[in-house]
Every structure is written in C-alpha cells, then in structure tokens.
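Trainee: Could you take me through one part of this model up close? I'd like to look at the place where the two chains meet.

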Amino acid sequence: MAKKQNAVAAPQDESFFPVVIDSKKCTGCNRCVEVCQVDVFATNPKKGRPPLILFGQECWQEGSCVQVCPRKGAIRWQRLPMQRVHCRRKTTGEDFFV
Amino acid sequence: MSKGQLKWPFKVEWDKTQTVETDVLVLGGGAAGCFAAISAAQKGAKTVLVEKGATIASGAAGSGCDHWESAASNPCSRINPEELTDAMILAFGGYNNGISHYIECREGYDRLLDIEKMGAKVRDTEDEFKGADFRDEKTKLLFAYDYYNRYTIRVWGSTFKPALARHCRRVGVRIFDRVMATSLLTQDGHKGRRIAGATGINARTGKFMVFMAKAVILCTSRPTRLWLFSPELPGISEFRPFQCSGDGHAMAWRAGAEFTMMEKSIQAQWSGLRSFPPYSTGNNHNTWYACNMVDAEGRQLPWRDRDGRIIEKFSDRFRPSPTQKLFLKGGGEPDSFVYDFAGPDTAPGDELILKGYKLPFYADLTSLPEMERKVIWGMMVGEEGKTKIPVFQAYTDAGFNPATDLIQSYGDGWKSGNFLPQERQLFGLPGGILNDWNLMTNIQGLFAAGDVLFASNCFGHAAATGHYAGRHAVAYARQIQNFTINENQLADERHRIYSLFGRKGSLDWRQLNTAVTKIMQNYCGAFKTEELLNTGLKRLRDLRQREAEQMTVRNPHELMRALEVINIMTNAELVMEACRARKASSQHLDFVRLDFPQTDPPDWRKFVTIKLAGDRIETGSLGLDYYGSLSDNYIKYNKDYKGVK
C-alpha cells in the first residue's frame with residue numbers, strides 16, 4: 001500500500017478546455033470545483049487562488065461552472081475554434097461566426 | 001514524482017474502508033436517482049444516495065432541461081395516459097417499455113408539481129408569454145409541439161437539479177458525492193441472488209466504500225463510448241454526460257441481471273470532433289421546433305403534414321393533421337417515419353436540394369412571431385442544459401441577435417454533424433435492464449429507474465420511474481429482516497480495483513476506450529453477422545486479457561476512468577452477445593443481420609432477453625406485451641399511491 005500513497009497528476013492541461021478563469025477576479029470560492037460532475041477541477045492548495053484544471057479534456061461542455069460562479073467575469077465560456085457557427089445578418093447580408 | 005507532475009491535491013485514502021448501512025441505497029444522482037431517494041426517504045426509509053459526480057448538477061439534465069414530456073395528466077391535456085402510452089408503444093413497433101412509459105404518462109405531471117414545490121420554476125409566473133398560443137392563461141403552463149393536445153410542457157429546467165439536491169438533504173437522504181459505485185453485492189456473493197448492497201470508490205481520495213442495503217435502486221443512465229470516443233476531447237464523446245459510462249449496466253450484468261433490446265443501436269447523431277454541440281446550429285427539431293428554415297437565397301423551406309400536404313398557416317405546425325388524434329415530437333419520437341404519429345416537418349435535405357433549394361440552409365428566428373422567437377431562443381435554448389451557457393450565453397455575448405440574424409444548419413439538419421453507418425450510439429429508446437411492475441429486476445431487491453431501464457428517455461420518465469422505484473423499494477426493504485455481506489466478494493472487488501494501481505504497464509484508459517470503439521465499429525457496426533460478432537468477441541477478450549492488463553493509473557481520478565473502461569468492455573460484450581441472440585433483422589430495432597436478412601418475421605416479434613447465469617450466457621424471450629393491461633396492473637400495484645393535489 002505504501003506505493004499507492006504517491007498519487008500524482010499530470011501537469012495542468014488547458015488545451016481543448018472551453019472555460020477561461022480570470023485569476024485577478026477569481027476569489028477561489030471553489031463553487032465551480034464542487035458543481036462539476038466530471039471533476040475537471042481540483043481545489044488549489046493555495047487558499048483564495050483559482051482552482052487547478054487537472055482534467056480539462058474531460059469537460060462535458062455544459063457550463064455548470066459558469067452558471068454557479070458568483071463573481072461576474074471571473075469565469076467565462078470560450079467556444080473552441082472548431083465549434084464556431086456561421087451566422088448571417090438578414091438585413092445587411094453580413095456573415096459572422098459565433 | 002516525475003518532472004512536471006503535480007502532487008495529488010486531495011487526501012489519499014486508498015488504504016481505508018468506510019462501511020455504511022442503510023435500508024435503501026440509490027446508485028446515481030441524476031433526475032431518477034434524486035426522485036428515488038426522495039420518495040424512499042419520505043416513506044421513512046433510511047436512504048443513501050451515491051453519485052459519481054456532484055448531485056447538484058449530475059445527470060443528463062444536470063445543468064438544465066427545456067421541456068417535460070408525456071405530462072398526460074396535466075389539467076390541460078386532451079390525451080389521457082393510456083392513449084399516450086399506446087401511441088408510444090405503437091410508434092416503436094411494440095419495442096418499448098410499456099410499464100415505465102405508463103408510469104411516466106400517469107405520474108410525470110405529479111413529479112413536475114413536486115419539483116415546483118421544491119422551489120423550481122415550471123410555469124410562466126412572470127407572465128412573460130401572456131397571450132401566446134402555447135400558454136394556458138389559467139395555469140400559466142407553457143406547452144411545446146402539439147399545442148392542441150398539450151401534453152409536453154416547456155420548463156425552466158436549469159432550476160431543477162439544484163432544487164432536487166436541496167430537497168434530498170431536506171428529507172434526510174445521506175448523499176455521497178464523488179463516489180463511483182463499482183459492484184453490486186449479493187446474498188452469499190452468488191450471482192443472481194438477493195441484493196445486499198454495493199461497493200464503491202471515492203474518486204478523489206481512493207477510499208473503498210461498502211454500502212450494506214436491503215434494497216438497491218440503480219439509476220445510472222445508459223452505456224456510452226461503445227462506438228464513439230474522442231481521445232482529444234473525451235468529455236464530448238457522446239451526447240450524454242461523459243460520466244454516464246454505463247457503470248450500472250456493467251455492474252448489473254456481472255451480478256446476473258436480465259437485459260433486453262441491447263441489440264438495438266442507431267447511427268450516431270452527436271459526438272466529439274465531428275459534431276457541433278447539440279442544438280447549437282440552425283434547426284427546427286426538438287428544442288428549436290418549429291422554427292422557420294430558409295435556403296441560401298432566403299426562400300422558406302416548406303412545412304408539410306404527414307401526407308405531404310403543404311402547411312400554409314404557421315399555427316398549423318403545432319396541430320395534428322385533420323385526420324389524426326395526436327403527433328409525437330421531442331426526445332422520445334421515433335427515429336424513422338411512423339405515419340400514425342408523424343407530425344409536421346420540412347422535407348428531408350436531399351429532397352429539397354433536388355427541388356432546387358440552395359445550400360446552406362439556415363434557421364430563421366427573425367421571421368417568427370415574437371412569442372415563438374422568444375420561447376425558442378430565450379427560453380428553450382436558454383434552459384436546455386447543453387445550451388444555456390455554451391450557446392445562449394456564448395452566442396449572445398458574441399453578438400448574435402435572434403431578431404436580425406440567421407444561423408446555419410450543419411450535417412443533416414438538427415443532428416449537427418454527419419456520421420458513418422458504423423458510428424453508432426445507444427440513443428433514443430435503446431435497450432437496458434428488464435423490469436417488472438415494481439420496477440424490480442430479476443435480482444430480488446434490485447430496482448431500476450430512469451435511463452438504465454430498457455427503452456427509456458427524458459427527464460419526466462426519469463423523475464416518474466425514480467419516484468415509483470423509491471416507493472416500491474421501501475415496501476420491499478420492510479420485508480427484509482437480516483442480510484449479510486460476503487467477505488470474499490469484498491476481497492475480490494478490492495483486488496480488482498486496487499491492482500490497477502502501480503502496474504508495470506503504461507497504457508492509459510484512453511487507449512483502451514479507443515480500442516473498444518474500433519472493435520465495435522468493425523465487428524458490431526451497421527451490418528452484423530455471426531462471424532463478425534464472434535470475431536469481435538474474440539478480439540474483445542484478447543483486449544481484456546492482454547492490453548487491459550497493462551492499463552495503469554496514477555491517482556484516484558484515473559482509477560475511476562480505468563474502471564469505467566473496464567465497464568465499457570463489459571457493456572461491449574453484452575451488446576455483441578445480444579446481437580448474436582437475435583437471429584433476424586428488425587426495422588424497429590435498427591438491426592441488420594446480413595446472415596438473417598428477413599425483417600421482423602413473426603417468430604421474432606418479441607423481446608430477446610439476456611443474462612449471465614454463473615459463467616454462462618442465458619438468453620430467452622418475452623412477448624412484446626409481457627406487462628399486460630397497463631391501467632389494470634398499475635392500479636393493482638399502486639393501491640396506496642394518492643398522487644399530488
């Protein structure tokens with residue numbers, strides 16, 4: 001069993017993670033950590049700091065973390081480049097991608 | 001610790017065991033699990049709820065839900081529960097769960113009233129939609145799809161799971177979040193014997209959990225990641241949450257539970273890299289029903305009734321055809337066209353192209369009546385779990401305006417992507433655990449609710465069957481005087497779990513999951529034969545015996561993922577064995593056996609059942625009407641159910 005005590009995680013990996021945390025605004029309340037059903041985050045050992053993103057690629061992409069964040073602008077949804085959808089403004093014919 | 005690795009930020013406890021004793025144990029904290037736990041606790045039973053993620057937001061509707069189906073007992077419905085259940089059964093050629101859908105149609109609206117009492121929002125209390133065609137002015141309920149019959153209710157579903165989780169605590173349910181159930185415990189440790197509890201692991205600390213229980217309710221959704229897996233983005237491998245990996249199916253199979261319809265799968269509709277998120281692109285189905293669609297030159301795509309007649313009036317998109325009692329729409333609608341219950345729709349894309357309509361097509365919210373635009377974009381997209389933040393909020397922030405902007409369709413309309421025939425899913429109404437009128441399985445004391453049941457779908461179904469299973473599990477548990485846990489069964493399970501740690505191998509769980517999907521695509525794709533299935537099963541065994549033995553984990557979270565993949569291998573075996581057992585093709589089951597090409601021959605118009613008996617696979621069959629008279633049996637089994645006033 002002694003060997004099992006050395007649990008480690010891979011370094012933080014935010015590639016493919018559609019959520020951006022603003023470390024200046026985040027108060028480290030960890031509501032996002034506790035609401036995530038996939039357990040993407042972990043509480044930062046440094047109190048008051050933004051959560052660790054340990055398993056960003058496992059995100060189911062439904063944004064519960066954004067829904068529960070109490071601080072405006074502390075956490076934001078950022079659509080992945082492959083998911084940009086084409087829109088057209090009907091009156092002007094202007095194309096844009098959301 | 002290698003360079004760049006982090007110390008595991010949670011306390012490590014994988015040398016510890018916690019034992020919990022209860023009357024009723026609920027596995028899975030989604031809609032079904034919460035309702036099961038609440039109804040059991042309200043009946044006075046000691047109740048424990050075990051959830052792999054976070055009960056406040058777990059499950060397919062954890063972050064929201066835009067409509068509540070089959071509320072046939074709501075005061076505005078023109079369809080009664082018997083008529084609606086019959087329609088649902090006929091629409092699927094009889095391959096449907098009459099019991100669970102009758103419970104849904106009969107009690108679903110009661111559960112909606114329960115949620116409202118818990119603090120969730122189910123009606124238009126702010127009068128935002130006053131005067132709308134789809135609103136009942138007296139009750140302030142909003143309806144979707146069939147505005148005449150009014151049995152599907154639009155809801156503010158993002159308020160649901162937080163309310164349910166709070167209520168679980170209020171009524172004394174003991175919740176264990178971040179605990180993955182790993183096995184079912186049975187009397188004397190024997191397969192198929194009476195239930196005695198379950199084991200689990202804490203996915204943060206690794207602690208071994210033993211739950212001793214008189215009755216267990218399985219509420220663990222349905223298998224995913226069998227044909228579809230994205231190693232880059234595992235989280236969006238499928239439509240259902242990444243967490244829903246079919247653990248309940250695998251556990252129940254190993255314990256000797258009986259399944260049916262596991263041979264059914266359909267071509268994929270959403271997944272990973274290939275697809276846009278569900279309901280995020282222009283379409284006119286489900287959440288977006290019945291949005292205007294236009295082609296590249298701004299021509300409106302015509303709407304038609306089931307006979308192909310053009311529907312001129314917008315309001316007629318929400319009414320059955322003059323010769324029809326009702327039409328079915330929403331999550332539980334059949335994937336193929338069934339004339340009796342087919343609703344208004346636009347023609348298929350290829351037909352429109354032949355008629356000269358130019359690609360791409362767009363959803364045109366701008367030309368809708370204001371209330372319809374507001375209810376689709378603001379409310380439905382704004383309340384559906386997968387779209388509230390990633391679509392409604394993100395698109396709004398990016399400048400999308402539903403009053404001025406078109407949004408493009410991709411793939412085949414609403415499916416948000418195109419898939420290959422061998423890329424399949426257990427979707428719509430797939431197979432699952434076989435149930436009786438108590439929602440009990442063939443294992444005494446093991447109940448099932450929600451998507452783990454065969455031919456199940458949607459929030460209302462999960463809620464209604466959860467509550468029902470909770471009541472019946474309590475009645476069962478009250479008869480159980482004493483029960484024991486078999487120590488050998490615990491020791492075997494401990495070994496199975498913890499031997500994954502510290503192995504010499506270097507394969508991580510993603511490699512194994514990808515391998516399973518390759519096997520399923522190659523040997524259990526759109527076309528099945530005995531030879532293909534046998535080879536697939538051989539390769540699966542080979543994968544288990546060789547590569548799976550090299551799978552290793554570094555922390556409790558990865559241990560959970562590795563155990564999920566072992567479950568996925570079990571579920572792959574279950575599906576392939578079920579495919580072997582049906583020796584006929586079936587249109588209703590989307591099942592093609594090249595070696596048995598006759599479609600739905602009379603001898604095979606039945607449920608094929610399958611279970612493990614010892615180490616042997618036992619198959620059997622049941623009549624499609626095995627549940628007997630719906631209303632008579634319901635009354636017989638629910639004499640003390642009073643409903644909600």
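This is a predicted model: local features need pLDDT of at least 70, side-chain atom pairs count only at pLDDT 80 or more; totals for chains, interfaces and linings use all residues.

Mentor: The contact draws on 44 residues of chain A and 58 residues of chain B. On chain A's side, β1 (8-9), α1 (31-35), α2 (64-68) and β6 (86-89) each put in at least two residues. The top contributor there is β6(A), with four residues. Sort chain A's side by kind and you get 23 nonpolar, 11 polar and 10 charged residues.

Now zoom in on β6(A). Three bridges tie β6(A) to strand β17 (residues 405-408) of chain B, and the two strands run antiparallel. Within that pairing, look for Arg89(A): Asp405(B), in β17(B), stands opposite.

Next, follow chain B away from the contact. Chain B has 14 helices and 24 strands. Its radius of gyration is 24 Å, close to the 26 Å that the globule rule gives for 645 residues, so chain B is as compact as a globular protein of that length. Its C-alpha atoms fill a box of roughly 70 × 60 × 50 Å along the principal axes. Of its 645 residues, 59% are buried.

As for the insides, the largest nonpolar core has 226 residues, and Ile217(B) and Phe447(B) are among those touching the most other members. Helix α13 (residues 556-581) of chain B gives this core its largest share, 14 residues.

Methods. Residues are numbered from 1 along each chain as its sequence is written. Chains are lettered from A and ligands numbered from 1 in the order in which they are written. A nonpolar core is a set of buried Ala, Val, Leu, Ile, Met, Phe, Trp, Tyr and Cys residues joined through C-beta atoms within 7 Å. A residue is buried if 20 or more other C-beta atoms lie within 10 Å of its own, exposed if 12 or fewer, and partly exposed in between; C-beta atoms are placed from the backbone. The radius of gyration is taken over C-alpha atoms; the globule rule is 2.2 Å times the number of residues to the power 0.38. Two residues are in contact if their C-beta atoms, placed from the backbone, lie within 7 Å. Ala, Val, Leu, Ile, Met, Phe, Trp, Tyr, Cys and Pro count as nonpolar, Asp, Glu, Lys and Arg as charged, and the others, Gly among them, as polar. Two strands pair if DSSP finds at least two bridges between them.
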